[in-house]
Amino acid sequence: MNRLSVLLLLALSSFIPRAFAPKKLMVDKSKSTVTYSMVHPMHKWDGVSHDVNAAMVYDEAAKQVQSVAVAIRVASFDSQNQNRDSHMVEVLDGIKYPNVTFSSQDIKPNADGTLTVTGKLTFHNVTKPITVQVTRRDMGNQLMMNGKFDLKLTDYAVERPSLLGIATEDQFTLAFALAFVK
């Protein structure tokens, strides 16, 4: 009887839908951006990338994000100034280190509905741990993830770009708006 019960359970388990297993969600590039914001004593500017590659493991039954990975090409940022964009690729050694990447290590839901995401950011071939507060919104067949965090160029062995011999501020902001398709 025991053997029959085990065989019956195995047979029935093959009919259980896999909809409850965590699934991989891909980012919708047409609705996702990563933006850097920098300050120079003479002006401020933003560079925006629409070429965001990201994937998420999502537990649909629990409605929880389990992990996230993001990659952006350094050369994909557009600041509306080709000279500045070319200079940024040069300063960031974009040929040698073409991507900025993030991979989560821990994701904790907060009481207010936000997420605390801890992971590793690799920028200019330097990997450092970071923690980011993320706003999550479920919108029909999309899961929106928004947030921003500050970085220092010198923490990632990047020489601060300069204009007329005056360097930019060391700290800059990265902001993201990622739309994942469920």
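Author: By class, the residues lining the second largest cavity are 14 nonpolar, no polar and 1 charged. In this scheme Ala, Val, Leu, Ile, Met, Phe, Trp, Tyr, Cys and Pro count as nonpolar, Asp, Glu, Lys and Arg as charged, and the others, Gly among them, as polar. The model is predicted: local features need pLDDT of at least 70 and side-chain atom pairs count only at pLDDT 80 or more, while totals for chains, interfaces and linings use all residues. Residues are numbered from 1 along each chain as its sequence is written, and side-chain values use heavy atoms, with hydrogens and water left out.

A cavity is a set of points, on a 1 Å grid over the protein atoms alone, where a 1.4 Å probe fits but cannot get out; a pocket is an open set with protein on both sides within 12 Å along at least five of seven lines, and lining residues have an atom within 4 Å of a point. The second largest cavity has a volume of about 200 Å³, a volume being the space filled by probe spheres set on the points, with grid points joined across faces, edges and corners.

Its lining has 15 residues, and Tyr36, Val74, Phe77, Met88 and Leu92 lie nearest the centre. Two or more lining residues come from each of β2 (33-40), α2 and β12. Helices (H or I, at least four residues) and strands (E, at least two) are DSSP runs, numbered from the N terminus. Helix α2 supplies the largest share of this lining, 3 residues.

Helix α2 also gives the most to the lining of the largest pocket, again 3 residues. That pocket has a volume of about 190 Å³. Met88 is one of its lining residues, as are His40 and Arg84. This lining divides into 4 nonpolar, 6 polar and 1 charged.

Gly94 lies in the loop between α2 and β6 (99-109). Gly94 is in contact (heavy atoms within 4.5 Å) with Val74 and Val89, leaving aside its neighbours within four places in sequence. The C-alpha atoms of Gly94 and Ala75 are 6.6 Å apart, although 19 residues separate them along the chain. Gly94 counts as buried because its relative accessible area is 11%; buried means under 20%, exposed over 50% and partly exposed in between, for a 1.4 Å probe and protein chains only.

Strand β12 also gives 5 residues to the lining of the largest cavity, the most of any element. That cavity has a volume of about 270 Å³.
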